[in-house]
Amino acid sequence: MPESTARRTIIDPMTDSTFSQFSQFIQTELGIKMPPTKKVMLQARLHKRLWKLGLDSFDAYYEYVFSPDGREHELPQMINVVTTNKTDFFREPNHFDFLVEHVLPKMIKRHGLEKRFTLWCAGSSSGEEPYSLAMVLHNYSEQVHGFKFFILATDISTKVLDKAKLGIYDEESAEPIPVIFRQKYLLRSKERDKGLVRVSPEIRSFVRFRRLNLIKSDFGLRETVDIIFCRNVIIYFNRETQEHVINKLYHHLSPGGYLFTGHSETLNGHSVPLKAVAHTVYQKEFNGDKSSHFPVITLKPAELFVSERPVIVRTVLGSCVAVTMYNRQHGISAICHALLPDGDKYASELDSQTGSGPYKYVNTAIPIMLQRLRNYGIDPKDLEVKLFGGADMMVTDSENPNPHPVGQSNIHAVLKIIKAQHLTLTVSDVGGHLGRKLLFYTHTGEVLLKRIQSSTELDSPL
Ligand SMILES: C[S@@+](CC[C@H](N)C(=O)[O-])C[C@H]1O[C@@H](n2cnc3c(N)ncnc32)[C@H](O)[C@@H]1O
C-alpha cells in the first residue's frame with residue numbers, strides 16, 4: 001500500500017476488541033506486555049502509521065497489517081513504532097567499569113589471549129550501547145596487548161538498526177562518552193552547524209548489526225558467546241517470557257560467561273541457572289548444564305515424556321528417532337524415542353526382542369504425544385516440532401548397503417505423520433551413519449546434539 005500524503009483524517013478511537021487483537025499479537029510475537037492500561041499509548045503510536053497509509057480506522061489498519069502485503073511491508077513498521085528504544089552512550093556506566101576491572105581479567109586468566117572474545121548486545125537499539133562497549137574494549141586492547149574482541153548487536157526494530165549501522169549521532173547525545181574516548185573515537189561532521197558526530201570506522205568495524213527477535217525459538221547463532229549485554233529489554237516482557245528469554249540467553253553463553261541485565265532487571269526469584277556476581281551481573285558456571293538445578297532424566301527407547309516443568313531429557317539414538325514438540329505459549333514439551341515406523345508391520349517380528357508398547361512405534365507414539373498436548377489445550381499447529389536420528393547403523397560396507405535401513409523407514413514415517421497432521425517441522429537432523437546424543441530442554445524447546453563417532457562414546461557426557 002503506498003504511503004499517503006493526504007490531509008490527516010479523523011480516526012475513531014480503537015475499540016476494545018481491536019486493542020485486544022493487537023495486544024495479543026504484540027505479547028505473543030514480540031514478548032512485549034500490552035495490558036489495557038497501554039491502550040492510549042498504543043493508539044498514539046499507531047496513529048502515525050494510519051496517517052501515513054491514509055487509513056481511517058484501526059480495524060482497517062489491523063486488517064492491512066496482517067494481510068500478505070501488510071506482513072511484508074507494514075509489520076516491520078508497526079514493530080518499529082511499538083518498541084521502546086530509549087538508550088544512551090555509557091548508560092549505567094558501572095557495568096563498563098565492572099567489565100574492565102573484573103570480568104575481562106578473569107576471562108583472560110582462564111582462556112589466555114589466543115582466543116577472540118565475543119560479546120552479544122541483545123536489544124541494542126540504535127547502537128549507542130554496542131559502540132560504548134567497542135570503545136571500552138578497544139581502549140582495553142591497547143593496554144592488554146593481544147586482546148581481541150568482536151561484538152554482535154541485535155534488535156527487533158529495523159528502524160533503530162538502520163540508524164545504528166550508520167553510526168551518526170547528535171553531538172548532544174555523545175556527551176556521556178568520556179572526553180578521552182570522544183577525542184579518539186568520534187569524527188565531527190564537516191558541516192559544523194549540523195551538530196553531528198560519527199563513530200570512527202575502526203570502532204564500527206568491531207560491531208555487526210543483525211535483526212533478531214528474542215522471542216523466536218531459534219536465534220540462528222552457531223557459536224556461544226562470552227558476554228551478553230541484554231539491558232533494559234526484558235523489563236518490557238511478562239515474567240514468564242522473561243524467564244524463557246533468560247534461559248535461552250543462558251544456552252548461548254559459554255561456560256563461565258557473563259550476562260549483564262539492566263539495573264532494574266534483577267533475576268531474583270527467576271528459575272535460571274546463573275550465579276549473581278554483582279548487582280545485575282550474572283555468571284554461568286563452568287561445568288555448565290551439569291551444574292544446573294534442573295533435573296536430568298534419561299529417556300529410554302520406546303519411552304515418551306511430557307513436561308510442563310523445566311527438565312533436561314537425555315537420550316541416545318541410533319536408527320531410532322526422537323521427535324520433540326514444544327509449545328512456547330504454555331511452556332509445555334513432549335519427546336518420544338521410537339524404534340520402529342509401524343506397529344502393524346514390525347510388531348510380530350520384533351516385539352519378542354524389545355518388548356511391546358505403543359511408544360515403540362512412530363505411528364502410535366506421535367498421535368499419543370499430540371493427544372497429551374491437546375489435553376493441555378494446545379493446538380498442534382502451535383507446536384515447534386523437531387526430528388532427530390534415523391541413522392543407518394548397520395552399514396559397514398559401502399558396496400553392500402543395507403537394503404532395508406530401519407532409520408530411513410523411521411524418518412519417512414515421521415515425515416508422513418507431520419504432513420498429515422499439518423505440523424510445522426522447525427529443525428531436523430537425520431540419517432547418516434552416526435548415532436546421536438541429545439539433550440532436550442523442556443522449558444525452552446531447545447536441543448543440544450552431539451554425533452557419536454564410535455560405540456565407546458555412548459556413555460560419555462553430551
Ligand atoms: C529500551 S531499549 C534498550 C537499549 C539498550 N539495551 C540500553 O539499555 O540502552 C530496548 C530495545 O529492545 C528491543 N526489543 C524489544 N523487544 C524485542 C524482542 N522481542 N527481540 C529483540 N529486541 C527487542 C527494542 O526494539 C529496543 O530497541
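1. Among contacts in the protein between residues at least 6 apart in sequence, 70% join residues at least 24 apart; two residues are in contact if their C-beta atoms, placed from the backbone, lie within 7 Å. The model is a predicted one, in which local features need pLDDT of at least 70 and side-chain atom pairs count only at pLDDT 80 or more, while totals for chains, interfaces and linings use all residues. Numbering starts from 1 along each chain as its sequence is written.

2. The protein has 14 helices and 19 strands. Helices (H or I, at least four residues) and strands (E, at least two) are DSSP runs, numbered from the N terminus. Of the 462 residues, 37% count as buried. A residue is buried if 20 or more other C-beta atoms lie within 10 Å of its own, exposed if 12 or fewer, and partly exposed in between, with C-beta atoms placed from the backbone.

3. The largest nonpolar core contains 76 residues, and Leu 119, Ile 151, Ile 228, Leu 249 and Leu 259 have the most contacts inside it. Helix α7 (residues 128-143) gives the most to this core, namely six residues. Domain 1 (16-82) and domain 2 (94-285) each supply at least three residues to this core; the domain bounds come from an automatic or database domain assignment. A nonpolar core here is a set of buried Ala, Val, Leu, Ile, Met, Phe, Trp, Tyr and Cys residues joined through C-beta atoms within 7 Å.

4. Neighbours within four places in sequence set aside, Leu 249 is in contact with Ala 122, Ile 228, Cys 230 and Leu 259. Apart from this core lies another, of 38 residues, including Val 321, Leu 383, Phe 388 and Ile 411. In soluble globular proteins, nonpolar side chains tend to be buried together.

5. The ligand is surrounded by 25 residues, the closest being Thr 83, Thr 87, Gly 123, Ser 125 and Ile 156. A residue is near a molecule or strand if its C-beta atom, placed from the backbone, lies within 6 Å of it. The shell has eight nonpolar, twelve polar and five charged residues; Ala, Val, Leu, Ile, Met, Phe, Trp, Tyr, Cys and Pro count as nonpolar, Asp, Glu, Lys and Arg as charged, and the others, Gly among them, as polar. Because domain 1 (16-82) and domain 2 (94-285) both give residues to this shell, the ligand lies between them.

6. Strand β14 (residues 321-327) is mostly covered, with seven of its seven residues buried. Val 321, Val 323, Met 325 and Asn 327 point one way from β14, whereas Ala 322, Thr 324 and Tyr 326 point the other way.

7. β14 pairs with strand β15 (residues 332-338) in the antiparallel sense over seven bridges; strands pair if DSSP finds at least two bridges between them. Ala 322 stands opposite His 337 in β15. The two strands, β14 and β15, form a hairpin with four residues between them, and Gly 331 in the turn has a positive phi of about 65°. β14 is also joined by six bridges to strand β16 (residues 384-389), and these two run antiparallel. Gly 389 in β16 is the bridge partner of Val 321.

8. Leu 373 lies in helix α13 (residues 362-374) and counts as buried because it has 22 C-beta neighbours inside 10 Å. Residues up to four places away in sequence not counted, Leu 373 touches Met 325, Asn 327, Ile 332, Ala 334, Ile 378 and Leu 383. The C-alpha atoms of Leu 373 and Val 306, 67 residues apart along the chain, are separated by 8.0 Å.

9. Strand β11 (residues 296-298) and strand β13 (residues 312-317) run parallel and are joined by three bridges, with Ile 297 opposite Val 313 in β13. β13 also has six bridges to strand β18 (residues 435-441), in antiparallel orientation. Ile 312 stands opposite Tyr 441 in β18.

10. Two loop residues deserve a check of phi. Phe 90, in the loop between α5 (75-82) and α6 (94-111), has a positive phi near 50° and is buried, with 20 other C-beta atoms within 10 Å. Ala 302, in the loop between β11 and β12 (304-307), has a positive phi of about 70° although it is not a glycine. Most residues other than glycine have a negative phi.
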